[in-house]
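Q: Before we look at any single feature, could you show me the model and then take me through how to read it?

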Amino acid sequence: MPSETVHALGVTGIFVLVGLPITMAIALAFAVALNKGSKHLNAFFRAVFYAPVVASVVAVSVVWRYILQKDGLLNSLLAVFGIAGRTGCTTPATPCPR
């Protein structure tokens, strides 16, 4: 085997033997911290761990709103090709999901 392959296998082996058990131990410690301790600490940990989920949903919503608004990216791109853009939910004739 080439030396690069042996080196790559060695690094992967070190990761599996050292990195994974450490990561699992830290995850287990956090899980135990979520299930034990004071209610205030428990609520704090849950909020900290759930914040990235909420932040990503908000970020995606903001991007789509920018793309789909009346003078947004989609209508600007369509205007380059001479196509009348969509008006979204700004007119009574356009059906909007409720």
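A: The protein chain has three helices and zero strands, where helices (H or I, at least four residues) and strands (E, at least two) are DSSP runs numbered from the N terminus. Along the sequence the pattern is α-α-α. This is a predicted model, in which local features need pLDDT of at least 70 and side-chain atom pairs count only at pLDDT 80 or more, while totals for chains, interfaces and linings use all residues. Residues are numbered from 1 along each chain as its sequence is written, and side-chain values use heavy atoms, with hydrogens and water left out.

Q: How many of the 98 residues of the protein chain count as buried, as a percentage?
A: Buried means under 20% relative accessible area, exposed over 50%, and partly exposed in between (1.4 Å probe, protein chains only). Here 7% of the 98 residues count as buried. The protein chain exposes about 8300 Å², of which carbon and sulfur atoms supply 74%; such areas come from the Shrake-Rupley method with a 1.4 Å probe, and for residues only the protein chains shown count as cover.

Q: How should I read the packing of helix H1 and helix H2, and at what angle do their axes cross?
A: Two packed helices are described by the angle between their axes and the distance between the axes. The axes of H1 (residues 3-35) and H2 (residues 39-68) come within 8 Å and cross at roughly 130 degrees, with axes being lines fitted to C-alpha atoms, for helices over the stretch in contact, and angles running from 0 to 180 degrees between N-to-C directions. H1 and H2 are therefore oblique to each other, given that angles under 35 degrees count as roughly parallel, over 145 as roughly antiparallel, 65 to 115 as roughly perpendicular and the rest as oblique. On the H1 side the contact (heavy atoms within 4.5 Å) is made by Phe30, Ala33, Leu34 and Asn35, and on the H2 side by Asn42, Phe45, Arg46 and Phe49.

Q: Which aromatic pair does the structure hold, and how are its rings arranged?
A: Rings of Phe, Tyr and Trp (its six-membered ring) pair if their centres lie within 6.5 Å, and planes under 30 degrees apart count as stacked, over 60 as edge-to-face and the rest as tilted. The structure holds one such pair: the ring centres of phenylalanine 30 and phenylalanine 49 are 5.3 Å apart with planes at 75 degrees, so the pair is edge-to-face. It links phenylalanine 30 in H1 with phenylalanine 49 in H2, 19 residues apart.

Q: Is asparagine 75 buried or exposed?
A: Asparagine 75, found in helix H3 (residues 73-80), is buried, with a relative accessible area of 9%. Not counting residues up to four places away in sequence, asparagine 75 touches Gln69, Lys70, Gly85 and Arg86.
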